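These notebook entries record what I looked up, one topic at a time.

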Amino acid sequence: GSLQLGISGRWDSHVYLVKGADGLVLIDAGGGTDGEMIFENIRREGFDRKDIKALLLTHIHFDHSCGAAEIREKTGCKVYLSAKTKDLLETGTAEEAGLDRAIEQGVYPEWFEYRNCVVDEAINDGDVFEIAGLKFEAIGVEGHSPDSICYLVEIDGKRNLFAGDVLFYGGIVGLINAPGSTMDGYRQDLKKLANLNIDGLFPGHFLFTVTGGQRHINAAIEQCGKGAIPQTVGQYGVVF
């Protein structure tokens with residue numbers, strides 16, 4: 001799925017489907033306004049949504065997480081999210097999650113719904129787990145949000161990083177005008193992504209690449225080490 005690629009709902013981040021030997025894994029859930037479009041895309045690619053074993057959320061921001069409840073309900077998959085925001089997704093209110101602020105900023109319409117969802121597995125930095133015959137490593141990188149998790153998985157000898165909104169193609173970072181989004185987080189954690197020899201870099205918005213992903217990561221790390229604020233996603237804008 002993706003709002004930018006025009007293949008699913010208007011408030012959907014990129015939603016990736018990963019095929020393992022024993023089933024399917026979804027990375028992020030979109031905004032939850034047009035879930036059937038995501039399911040139809042899965043069917044059109046020749047897959048069955050009943051084979052989805054898990055939904056890995058990179059962070060709790062609404063365009064990534066509000067579709068989780070419907071996906072869990074209709075597939076029976078397990079939902080994975082950072083331990084830092086597990087309770088917020090399960091039982092938090094829209095105001096506690098910051099939806100009122102996002103509506104005031106014009107990012108979401110007034111009718112946009114914050115949907116709670118059970119979190120089956122709370123993830124912490126450094127966790128390694130297997131799903132659908134694939135081994136994922138969770139790398140916690142604060143900066144875009146306090147709960148951001150990047151998922152590293154090797155498939156057919158290629159090392160792939162699902163980066164959420166931590167960083168983007170071209171070394172752009174995900175610093176935004178929202179509580180918990182800080183340069184302190186980037187200075188503290190972005191170096192965890194150095195020297196990982198990433199082939200495929202799959203961010204939550206904009207372009208992705210199937211080769212040479214590490215150089216985009218290195219560009220972000222280099223920018224964050226300089227004296228000026230690096231290029232950020234806010235300078236380019238996501239059109240919702």
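Entry 1. I began with Lys192, which is partly exposed because its relative accessible area is 31%, a value between the 20% limit for buried and the 50% limit for exposed. I note here that the model is a predicted one. Asp125 is likewise listed as partly exposed, at 44%. I then looked up how these two side chains are related: Lys192 and Asp125 form a salt bridge, with N and O 3.0 Å apart. The pair connects distant parts of the chain, as Lys192 sits in the loop between helix H7 (183-189) and strand E12 (200-203), while Asp125 sits in the loop between E5 and strand E6 (128-131), 67 residues apart.

**Entry 2. Salt bridges in the whole structure.** How many salt bridges does a search of the whole structure find? The search gives twelve. I recalled the general principle that side chains of opposite charge can pair when their charged atoms come close.

**Entry 3. Asp120 and Arg72.** I next looked up the salt bridge between Asp120 and Arg72, where the closest N and O atoms are 2.9 Å apart. Asp120 belongs to the loop between H6 and strand E5 (121-123) and Arg72 to helix H3 (residues 68-75), so this pair ties together parts that are 48 residues apart in sequence. Asp120 has a relative accessibility of 29% and therefore counts as partly exposed. Arg72, at 27%, counts as partly exposed.

**Entry 4. Glu142 and Lys84.** The side chains of Glu142 and Lys84 also meet in a salt bridge, at 2.6 Å from N to O. Why does this pair tie together parts that are 58 residues apart in sequence? Glu142 is in the loop between strand E7 (134-140) and strand E8 (149-155), whereas Lys84 is in the loop between strand E4 (78-82) and helix H4 (86-91). I checked accessibility as well: Glu142 is partly exposed at 24%, and Lys84 is exposed at 52%.

**Entry 5. A network.** I recorded one group of linked residues: Glu36, Arg49, Glu70 and Lys74 are joined in a network of salt bridges.

**Entry 6. A negative patch.** Turning to the surface, I found that Glu95, Glu96, Asp100 and Glu104 gather in a patch of negative charge. Helix H5 (94-97) and helix H6 (99-104) are the elements that give two or more residues to this patch. I looked up Glu96 individually and found it in helix H5. Is Glu96 buried or exposed? Its relative accessibility is 55%, so Glu96 counts as exposed.

**Entry 7. A nonpolar patch.** Leu5, Ile7, Phe208 and Val210 make a nonpolar surface patch of about 360 Å². I located Val210 in the loop between E12 and helix H8 (213-224). Val210 counts as exposed because its relative accessibility is 54%.

Entry 8. Which residues does its side chain contact? The side chain of Ser8 reaches the backbone nitrogen of Ser2 at 2.7 Å. A polar contact of 2.7 Å also joins the side chains of Ser8 and Asp12.

Conventions:
Residues numbered from 1 in each chain as written. Predicted model: local features only at pLDDT ≥ 70, side-chain atom pairs only at ≥ 80, totals over all residues. Heavy atoms only, no water. Patch = residues over 30% accessible without salt bridge, like charges linked within 9 Å, V, L, I, M, F, W, Y side chains within 5 Å. Areas by Shrake-Rupley, 256 points an atom, 1.4 Å probe, with all protein chains shown as cover. Salt bridge = Lys/Arg side-chain N within 4 Å of Asp/Glu carboxyl O. Lys, Arg positive; Asp, Glu negative; His and termini not counted. Charge placed at Lys NZ, Arg CZ, Asp CG, Glu CD. Helix = DSSP H or I, 4+ residues; strand = E, 2+ residues; numbered from the N terminus. Buried < 20%, exposed > 50% of the residue type's maximum accessible area, 1.4 Å probe, protein only. Polar contact = N/O pair within 3.5 Å; in protein donor to acceptor, adjacent residues only side chain to side chain.
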